[in-house]
Each structure stands twice: as C-alpha cells, then as structure tokens.
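Please find below my note on the structure under review. It is set out as numbered points, to be read alongside the sequence and the coordinates.

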Amino acid sequence: MVRSRLRMPRPDSSDPHESFRAFLQRVARPIEFASRDAYAHLPTVKNLDRFVSEQVIGALGERLHPRALEVELLSLRSLFVDFHAGLTPAEQQYRLTQALQLLRRLEKDPSSIHPPVNTSETNHPVHTVKSSASARSHLDVSIQFAKGVGPKRTLLLKRLGIQTIEEALWTMPWRYDDRSIITPITKLVLGTLHSICGVITQVEATRARSRRLSILDVAVEDETGTVHAVFFNQPYLEEVLKQGTRVMMAGRVVAGRRGWMDLRLEPTQFEVLSVPDDELLHVGRIVPVYHETKGWSSRQMRVLMHGLLTEHGAELQEVLPLSIRARHRLPPIGEAIQHVHFPPPNMDLAALDRGVTAAHRRLAFEELFLLQAAMVLRQQQMKAEHKPFRFNPHVTQLKQLAQILPFALTAAQERVWGEIQADMATSRPMNRLVQGDVGSGKTIVALHALVMACGSGCQTALMVPTEILAEQHYLNLKPLLEAVGLHAVLLTSGGKAKDRHAVLTRLASGEAQVAIGTHALIQKKVAFAKLGLVVVDEQHKFGVLQRKTLLDKGYRPDVLVMTATPIPRTLAMTLYGDLDVSVIDMLPPGRKPVRTMLYSEGQRHKTWQLVGDELKAGRQVYIVYPLVEESEKSDLKAAIQGAEQVQRDVFPQAQVGLLHGRMPTAEKERTMAAFKAGTIQILVATTVIEVGVDVPNATVMVIEHAERFGLAQLHQLRGRVGRGTHQSLCILMASYLPREGRPKVSLDGKPEVNASHAQQRLGALVKFHDGFIIAEEDLRIRGPGEFLGLRQWGVPEFRAANLVRDVQLLELARQEACAMLTQDPGLTLPQHQAIKAAMVRRWTGRLSLGDVS
C-alpha cells in the first residue's frame, strides 16, 4: 500500500524548474488517489491512460528536454497506454507503484530536469540502454516530434494515416525504382531504359502553336558527356529544373532529329539532388516510392524514413517469439523494417513490387498474427460471460411451428439449427454467424431461434439494415409468429409518433415478444422487459459498438448474425474471427440453377424476346437499375424513365410497377403486394429488392448497367429469381462489352476499374453459380480495397498485409494465435506481454478489446 505523497511547493510558471514540478504534481495527484487505502479508489478512476498521455506529450512539446529525461517521461506514459484495456487489478496496482517511484525519482533528482551542459555531452550523446517500455513509448510518440516534421507537416502526414513514429515506420512503399545503376552519358544505348546523374547546363522552353504543345529541353552533363532530356506539356518544370541544378533522371533513350547521332532521354522520373547526401539516399540504390499528398512528396517521405530508422531503428521491439519466427523463417523486426524501406542491393525488384520478399512477409505476418490474437482473445472474453437465463430447446411453440410450416427443413438447415440450439441451451452467450447462399433458408432457421427464445420467456429482436427489408420481414414473419401465440411489432425510424410510442410501451412491458426493425431497435429510448436474443440479418458487420450499446443497457443477449452475402474465407477470418460460424450449404429441393446471359445494348431485342416469352407463360419479371449515392438523382430518373418506356413502347399489354427507396412506406407495401399477387407483371426497381423479396412466380431478372455492380451484389440480385420450380433467367445488360484482354494496370500495380475489369466480373457471374466461389472471384478481381466497400464491412485496414496475396499467411497466423491463447488464455505469461501490448495498442480502438466482454 502506498501512503507517502510527493511534497512540492507552489509552482512559478515563469521558472522552467517550477513549471516542471507543477507537471509532476498534476500527474501525481490522480495516481496517488488511486493508490490510497490499499487501492480502494482504483475502480473509480477513469481515463487515466488519456490524462497521463496528454500531460506527458504537453510537457515534451513545451520546451526541449535532455534525452535522458525524455526517456523517463515516455516510460511514464508507457505505463498507462493500455491501463484500462484488459489489465488485471494486480497489474494496474503494479503499474501505479512503478509510476510513483518514477515520479519520486524525477522530483528528488533536480539534475534530471536540467542537467549541467558541457562540451563532452554536446559532442558525444549518451546512449542509454532502454527497457522495452521506454523503447515502445518512443515509437508511440507523435510524428510531430520527428526531425523535420513539426505541426504543419503533421497534418499532411495524418492524411496518409500517419500519426505516430511507429505508424510511419509501418507505412509501406507502394512500389520501388531501381536506381542502383547510373549509366555514364556516353554509354547510353538507343531504345533502352537508363538512369543518369549530372548537372543541368542549359534549359530551353518552346511552344508549338499549331499543336498546342509545350516542350522543355534540358541539357544534362556528367563527367563523360551531355544528353538532352525532353519534357512535353510540363511547362511548370521550368521553375524546378534550373541551370546548375544537380539531378538524377531515368527514362528511355530515343533518337533525335539527326538519328542515333543525336540521342535524347525521355524521362519518366527525375529527382533534384540538392545536397551531396541526396545521392546516397535517392540514387545509386533501389529506391522506395511512397503514396503522396499535396504538400508531401515521396522524396520527403524517404528522407523522413531514413531519419526515423537512424534515430529509432534500434528501438523497434521484437513482438514475435523466436519459436514462431524460426518455424516460419521470418527475419527480425529491425531487419524487416530496414529492408522494406531501403532494400539491399540485388534484391528482386518484382518481388519487392508484389510485396512478397522475406521482409514484407515478416511484417504482414505480424499484422495478421496480432489481429487473429485479438479476435481469439475477444472470443475467449465473450465465452467467459454467463447469461442470466437458459433457453429451453423443447418449448411447445417449436412443435407448433413445425406443424404449420408447409415444408421440412433441409439437412443443412437442420444441422445449423442444431448448432444454434446447442449454443442457446448453454449458460454462455451465443455469438454465431450463419452464412448461406441466396435462397438457402436462413430466415426460417432464425425464426426457429426466435420462437425458442420467446417460448422460454424472453424477448427477441430482429435487426436489418433497411426499413423496406424490416417491413418485408415483418409482413412475412408476423402470421407465423401469431400462429404460435407470439406477438411481433415493427420499429423503424419513420412512422407516426403515436404508433411508435405504442410499440415502445409494448416492448417495455413485455407484451410484445418479437421486435423487428432497423438499428432504431438499439436506440436509447428503446427498452425491453427481458431481451434474450438478437438476430442481425443482412448486416455486413454487427459492430462491437452495437454490442456495447446492448451491454450498456444491461442486456446480455445471445447474438445470431446472418448474411446471404457470401464472404470469402480470408475475409470471414478477419471479419468474424471472434464468432462461431455455421454454413447452410444446400438449397431447398426442386430449385434449378438460374441461367445467366450477358448482352450488350445492341442485343436488347434478344432480352425483350426472352422477357416476352416468360410473360406469355404467365411468369413475372424484375428489371433492376443501379442506384448509388454519388449519382442518386440521375439513377432514380433512369429507373422512372425505364419503367415508362417499358410500359409505353415494349410491353403495353403488361402491368408495369415501379419500386424505389424514396417512395412512402405504404406505397412500397402496395406495390410489393400487387407484385406478389400477380397483378403487376413487370417490376422496375432500384436495388431495394436486392435482399428479402420472395416471389416464386418471378422467373426473369434483367439488370441494367450491370457493369456498375459488384459481383456479389449481382449474385444477390440473381438470387431473387429461381425460387420456384420453373427455369429462371438472369440477363446482364452491359452498356459496353469490351474485347477480351488483360486489364490495364495502374501505377500501383492494381487493375484499373475499366471496361476489361468489368468484363471479368460479368464473365465470372455467367460462369459460376456458387456464391462462395463468386465472392472469392470478386475479391481476386477487385482486391480487398474495393471488395464491397470494405470500410463499410468493418474490415481492418492493414499496412503490410493484403487479404488476396496473404491467404496462406493469414491461416498460419490464425493457427499460431489459437495455439498461443490455448497455452496462455488471457496472455498473462511474461513472454507474451510484448504481444499483448502490441495487440492492444494496434487493435483496441477498432475491436474494443477489454471493454466489450
């Protein structure tokens, strides 16, 4: 128990000694309070991590301090970085004791505040051996304090996702230039690529009026000769490439007006070498190229990285245990970071650009390993909870439901329902993901879970992403629920206040057992009498914040997440690595695969012929238009005009309906009811019908501007047909059908989203029917950065790893993380503290480790 207090006089803000003592006093006050009376007040102290961090950073920014003192201050900060993120009370008490000892040391030793300055110290800096905590904390410091950055450039680097020294060191180059061989000018060879280095001796700018062409002719001279470099339509370079400037240039050697006697260089890149050291950093080696932002160039990034590695390279803390590194042949962290930013000579340039060198592989593995460890740890935390109720798997309502359903569950549905039942019957909360292709029958399985929970005396909530889907679920499930004696209510953000109040009252009293709605269900004003189960349907990611909202309200329900959007295995491991996963991998009997055809605008007559044949046979048709936020008005107009044209010019004898998200709820309900009843034969819609609509008589899905959709979204739309016993068709109408060929590659080595790129997606949909294969194709074609808008899915943003390239690494990382946490649940062993600290530091904000459990 700590009882002694730091005794300090009142501060004088004009005196740096007194100002520093005032800082010590501010920091000591809450730490002493938390330590008093055998740490009795510790549970009441909040945000100590943020307070200490802000105080230390403020003290560091106030004035320059000796290096030894900076190390002590940063060690103090490191004691509290993860203070509220999963530490046991004993660990917190130990940290408080360490902090008080450090504060006393600083208060008693005035030389540490302003040590005597002498020439020997100035010329020969003292190299202190740092503990892992002080090394760690140095990397945690704001990038603002790195040499050459400052407050203004800090804002520029923030645009690139860099806020700390560690984040800067983990910012990977997106490509590399081989400038290791500098060719003497007299050795240049026509038609080949070369790099040269020399001084500009002449600059001449001309303009060809007839062709609106500006030409900048720059003469560059080295010890062997002179060559002219030509820049077209870049007149602004005249201010950069001035006479007397030393430059490096790289490009193709071409013939001038006098043929091979007059060789010229067409530069693809150049670098101004302002100081002699520049030649060591920017030329004569394999050079990293970084992403840029206005005001911050790749060249500046290179200088920053070189400085950071010189200053902090030795402080990089090894997180991965030696046994793991040895098993997977991973180099040490210092070597990996150094080689990624400044590769050694003769390294394979293609491997560097693809990010598959040993150094890249090491960094990617560490990122994936820490994420998987965080996921497994969070899964352990959730499974350690105890729910205050048990569900009875033998309630009479389940037997009644089996009697009224007009079909039997498939073997896959029975298997998944058995897994859910087993979860719900235990004393630990269920956290399960159910994946199933479109039409596989997930909703019926979820209905069984709802009935079991309500039959056991609890309330349930079914949450969906859109109001129209909530309405459809409500209309479909309400009759079935009422048939077994359960009351359902619909709660969305719209509607009349009086009706909403009535729904809230029924939920609070327990009169209503099932609530169906959007995220309005977890708003502050919504209260349940006894919430036992939450089903989240078609939600890409039931976020930790939503779960935390439920916990804050005092609810600890079972959670069942369902998705019909197939998720590639690699994404499932990153998105849902903390959930148990079930897959419904079988369609109901009698379903036929949907035939998919790809037509251009010039083949539209074939589309209308197929649609006409189906209409004559008494079937119904969807025609879907894209609707995206950026062009919502024009897209909506296209859908409305499309409906009018089909009714007036193509099928005047048919009844054409229109459905889009802007329509009033009542009108949407009437339109869908009419389509289900068959009074509307053709439904022209925006993508609001992507999920949840079930009309067995609809056999044709025409998708306009199909190239604007993602593969998984197209597969979802295709799943709206083929729900009956008749053969169904999906017709993809593309605005253009480009010729086959390799997709163009952008500067970062990724395929551009162009005509050829779209052709790959549409061709994959024609070829494949399995949603999981299609999802893998979509991820492969578009890459993780674009796949279904990963930020909306909640997929973590990686600095070194790539979910397409690093599939095997991800699996290895998952295996190692599971093995480690099986051996050491909670990561309490000393050898795992570095891993735990790194995991908490990198993922706490995104995964809420420690505070959602």
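The points below concern a predicted model and go from the whole chain to individual residues.

1. Overall composition. The protein chain has 853 residues, of which 51% are buried. Its secondary structure amounts to 31 helices and 20 strands. Among contacts with a separation of 6 or more, 74% join residues 24 or more positions apart.

2. The buried face of α13. Helix α13 spans residues 333-341, and its buried residues are I333, A336, I337, V340 and H341. Viewed down the axis of α13, these buried residues fall within an arc of 115 degrees, so they line one face of the helix.

3. Packing of α13 on α15. Two packed helices are described by the angle between their axes and the distance between the axes. For α13 and α15, the angle is about 120 degrees and the axes are 8 Å apart. Roughly perpendicular covers 65 to 115 degrees and roughly antiparallel begins over 145; α13 and α15 are therefore oblique to each other. The crossing of α13 past α15 is left-handed. On the α13 side, the contact is made by I333, A336, I337, H339 and V340. On the α15 side, A359, H360, R362, L363 and E366 take part.

4. Side chains of opposite charge can pair when their charged atoms come close. The model holds 21 salt bridges. In one of them, the side chains of R841 and E166 meet at 2.9 Å, N to O. R841 belongs to helix α31 (residues 833-847) and E166 to helix α9, so the pair ties together parts that are 675 residues apart in sequence. Both R841 and E166 are buried.

5. R325 has a relative accessible area of 14% and is buried, whereas E318, with 24%, is partly exposed. The side chains of D649 and R648 form another salt bridge, at 3.2 Å, N to O. D649 is partly exposed, at 48% relative accessibility. R648 is exposed, with a relative accessible area of 53%. The cut-off for exposed is over 50%, which is why R648 and D649 are classed as they are.

6. A salt-bridge network. Elsewhere, salt bridges with shared partners join R175, D177, R179, E271, R299 and R302 into one network.

7. The position of P593. Is P593 buried or exposed? P593 is exposed, its relative accessible area being 57%. P593 is placed in the loop between β14 (580-584) and β15 (595-600). Leaving aside residues up to four places away in sequence, P593 touches Q727 and H769. The C-alpha atoms of P593 and G722 are separated by 7.0 Å, although these residues are 129 apart along the chain.

Notes
Residues numbered from 1 in each chain as written. Predicted model: local features only at pLDDT ≥ 70, side-chain atom pairs only at ≥ 80, totals over all residues. Heavy atoms only, no water. Buried < 20%, exposed > 50% of the residue type's maximum accessible area, 1.4 Å probe, protein only. Helix = DSSP H or I, 4+ residues; strand = E, 2+ residues; numbered from the N terminus. Arc of directions from axis to C-beta. Contact = heavy atoms within 4.5 Å. Salt bridge = Lys/Arg side-chain N within 4 Å of Asp/Glu carboxyl O. Axes fitted to C-alpha atoms, helices over the stretch in contact; angles between N-to-C directions. Parallel < 35°, antiparallel > 145°, perpendicular 65-115°, else oblique. Left-handed = near helix turned anticlockwise from the far one by under 90°.
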